[in-house]
Amino acid sequence: MIQWSDFEKVDMRVGTIIKAEEFPEARKPAFILTIDFGPEIGVKKSSAQITELYNKKRLKNEQIIAVVNFPPKKIGPFMSECLVMGAYNEKNQVVLLKPQREMMNGSKIG
């Protein structure tokens, strides 16, 4: 069990994917996502293993939820700056978490 104070440290925000690119160097198929989190946080990049259910064209302009306060993590030659949130379906494929309605980029999840 974690304490409420532990959960309060996690900064989850709404962002809009502005670009999705192939990530051929990844061990498992993945995209590099460029995500706009609004003026307070800015633009961050993330690697996401979501190629089974999504394509680059469909991802552009999609709003997602991500953790924005993890330290950068090196994934092969790429530096991931945030963690895009998703849930695993029955086939172990990642389904992106996103708001039900359009939100302002940078909106805090609480």
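Predicted model: local features only at pLDDT ≥ 70, side-chain atom pairs only at ≥ 80, totals over all residues.
Then display the accessible surface, which comes to about 7500 Å². Carbon and sulfur atoms hold 53% of that surface.

**The whole chain**

Switch to a cartoon view. Three helices and nine strands are present, and their order along the sequence is α-β-β-α-β-α-β-β-β-β-β-β. The radius of gyration is 14 Å, close to the 13 Å that the globule rule gives for 110 residues, so the protein is as compact as a globular protein of that length. Along the principal axes, the C-alpha trace spans about 40 × 30 × 30 Å. Of the contacts with a separation of 6 or more, 58% join residues 24 or more positions apart.

**The interior**

Colour the residues by accessibility next. Buried residues make up 38% of the 110 in the protein. Which residues have the most contacts inside the largest nonpolar core? Select Leu33, Ile35, Phe37, Ile50, Leu59, Ile64 and Leu96 to see them; the core has 17 residues. At least two residues of this core come from each of strand S1 (12–22), strand S2 (31–36), strand S4 (63–67) and strand S9 (94–96). S2 gives the most, with three residues.

Centre the view on Leu59. Beyond its neighbours within four places in sequence, Leu59 is in contact with Ile17, Ala20, Phe31, Leu33, Ile50, Tyr54 and Leu96.

**Val10**

Select Val10, in the loop between helix H1 (4–8) and S1. Its relative accessibility is 31%, so Val10 counts as partly exposed, since that class lies between the 20% limit for buried and the 50% limit for exposed. Leaving out residues up to four places away in sequence, Val10 touches Val67, Asn69 and Lys108. To see a separation across the model, draw a line from the C-alpha of Val10 to that of Asn89: the two residues are 79 positions apart in sequence and 24 Å apart in space.

**Gln63**

Move to Gln63, found in strand S4. Is this residue buried or exposed? Gln63 is buried, because its relative accessible area is 11%, and buried means under 20%. Its contacts, apart from neighbours within four places in sequence, include Val14, Gly15 and Thr16. Further along the chain, Gln63 is in contact with Lys98, Pro99, Arg101, Glu102, Met103, Met104 and Asn105. By contrast, the C-alpha atoms of Gln63 and Pro29 are separated by 21 Å, the two being 34 residues apart along the chain.

**Two asparagines with positive phi**

Finish at two loops. Asn61 lies between helix H3 (56–59) and S4. Its phi is near 75°, a positive value in a residue other than glycine. With a relative accessible area of 56%, Asn61 is exposed.

Where is Asn92 placed? Asn92 is in the loop between strand S8 (86–88) and S9. Asn92 has a positive phi of about 65° although it is not a glycine. Its relative accessible area is 55%, so Asn92 is exposed.

Terms used
Residues numbered from 1 in each chain as written. Heavy atoms only, no water. Helix = DSSP H or I, 4+ residues; strand = E, 2+ residues; numbered from the N terminus. Rg over C-alpha atoms; globule rule 2.2 N^0.38 Å. Buried < 20%, exposed > 50% of the residue type's maximum accessible area, 1.4 Å probe, protein only. Contact = heavy atoms within 4.5 Å. Areas by Shrake-Rupley, 256 points an atom, 1.4 Å probe, with all protein chains shown as cover. Core = buried A, V, L, I, M, F, W, Y, C linked by side-chain atoms within 4.5 Å.
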